Amino acid sequence: MEAETAIFLLGTLERGGSETKFVRLAGRLHDAGWPVHVAWLGGSEALLDELHPDVPRHALRREGSFSPRALMRLRKAAIKSGPGSVVCVNFFPMIYGWVLRRTARLPQLIASINTTDLRGTREARFMALYAPLLRRMDQVVFGSRRQQTQWQTEFRIRADACRVVYNGVDSRRYSPPTSHERDAARQRLGLASDALVFVSVAQLRPEKGHDHLINAFAGGGLPANRALLLVGDGVRREELQSQARRLGLADRVLFAGEQADVRPWLRAADVFVLASTAVETFSNAALEAAASGLPLVMTDIGGARELVGEQGYPWLVAPGDAGALESALTRLANEPGTLEQAGAAARARVLDRFTTRQMDTAWCDLLWPGVAAPRGAVA
């Protein structure tokens with residue numbers, strides 16, 4: 001049986017977690033011999049340079065709220081490639097995927113949902129549109145068990161249509177640095193070799209909780225010789241910079257901005273922190289940090305418990321609780337042995353459950369069930 005084409009349909013090619021995941025996934029599947037295309041409705045194309053040059057791509061150039069022209073371009077691409085599956089990444093692409101199914105042959109329509117918490121009246125109106133579409137998908141792919149349980153119950157999605165595919169990380173690309181690599185990374189950033197360095201990789205948006213992280217970082221129990229690296233950019237940058245100045249931390253909080261390659265920043269760090277208060281499902285940034293041998297301190301939302309496992313519960317804190325976050329950071333700061341053990345345990349768990357090989361295999365099983373892998377494909 002020959003593998004049919006899969007189309008990954010994204011809303012945009014902005015540099016976000018789910019967009020980056022599917023752009024890179026498409027490249028790996030292509031290199032393994034699987035037929036995969038990438039289409040996006042419009043907006044930012046920041047990830048275009050990361051899209052594999054040999055992966056067929058379709059810029060649909062959406063105009064307005066719903067674009068018939070974008071739909072026709074998608075339909076033309078689908079008819080030409082004869083897709084076996086269209087994977088709608090997050091909500092808006094589901095509208096186009098559903099209309100496409102009604103006008104063209106489309107054996108399998110899949111939704112990949114990469115958010116967890118939806119709150120308030122705006123979100124309720126939002127889901128009044130999308131929940132019926134979710135119930136009509138052939139498969140709905142979630143990023144964690146916790147997310148699946150929540151959504152399956154709240155939006156009455158068929159159990160047999162639900163599946164969890166964990167994010168994966170390339171454990172060769174992200175690995176613990178040598179002492180020389182660590183010292184060189186710190187030297188480039190102007191950090192002392194003996195400083196205690198925390199790093200957070202996340203867009204500077206309200207739901208990422210950077211304000212709670214900076215408050216925790218200001219705690220008196222942490223050593224004076226410390227630094228906080230904030231990798232990412234966004235609407236809260238100026239506000240967070242002002243907060244750091246008010247707390248007397250302007251010289252200790254480094255705003256790195258958007259970085260296409262975060263490895264130099266991870267190599268310079270001792271601890272990874274993610275203080276999100278909402279939305280987080282299964283953090284790619286945390287996976288990359290864990291694979292790099294960093295201990296994880298995270299808020300207990302989304303799939304955080306599944307990521308860190310039982311050994312990591314002391315490092316999970318309630319969302320928005322800067323005091324609990326400070327306590328976790330302080331404990332690691334004052335227990336070097338614990339810090340080292342927690343970092344080693346984090347990498348071991350990634351190698352056991354959350355590699356790109358495992359993620360790619362799960363997607364292949366979903367997109368091409370019963371089809372023999374092409375030569376050189378993911379086993």
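The model is a predicted one, in which local features need pLDDT of at least 70 and side-chain atom pairs count only at pLDDT 80 or more, while totals for chains, interfaces and linings use all residues. Residues are numbered from 1 along each chain as its sequence is written, and side-chain values use heavy atoms, with hydrogens and water left out.

That pair belongs to β6 (residues 139–142) and β7, two strands that run parallel and are joined by 3 bridges. Strands here are DSSP runs of E with at least two residues, helices are runs of H or I with at least four, and both are numbered from the N terminus. Two strands count as paired if DSSP finds at least two bridges between them.

The sheet in question is open, has 7 strands and pairs in parallel, in the order β3-β2-β1-β4-β5-β6-β7. Its edge strands, β3 (57–59) and β7 (162–164), each pair on one side only. On average, neighbouring strands in this sheet are turned by 20° against each other, direction ignored. Helix α1 (residues 17–31) packs on the sheet, touching β1 (5–10), β2 (36–40), β4 (83–89) and β5 (108–112), and its direction makes about 160° with that of β1. Contact means heavy atoms within 4.5 Å; axes are lines fitted to C-alpha atoms, for helices over the stretch in contact, with angles from 0 to 180 degrees between N-to-C directions.

Now the other sheet. This is an open sheet of 6 strands with parallel pairing, ordered β10-β9-β8-β11-β12-β13. β10 (253–257) and β13 (316–317) are at the edges with a single partner strand each, so one side of each has no neighbour in the sheet.

Buried means under 20% relative accessible area, exposed over 50%, and partly exposed in between, with a 1.4 Å probe and protein chains only. R226, L228 and L230 point one way from β9, and A227, L229 and V231 point the other way. As for partners, β9 (residues 226–231) pairs with β10 in the parallel sense over 4 bridges, with V231 opposite G257. β8 and β9 also run parallel, joined by 6 bridges, and F198 stands opposite L228.

In the loop between β9 and α8 (237–246) is R236. R236 is buried, at a relative accessible area of 9%. Not counting residues up to four places away in sequence, R236 touches L204, R205, P206 and D211.

Helix α10 (residues 284–291) lies across β8 (196–201), β11 (271–274) and β12 (296–299), at about 160° to β12. The loop between α10 and β12 holds G293, which is partly exposed at 24%. Leaving aside neighbours within four places in sequence, G293 is in contact with P176, G343 and R347.

G293 also brings us to the second largest pocket, which is lined by 16 residues, with P177, R182, A269, G293 and L294 nearest its centre. A pocket, on a 1 Å grid over the protein atoms alone, is an open set of points where a 1.4 Å probe fits, with protein on both sides within 12 Å along at least five of seven lines; lining residues have an atom within 4 Å of a point. α13 gives the most to this lining, with 3 residues.
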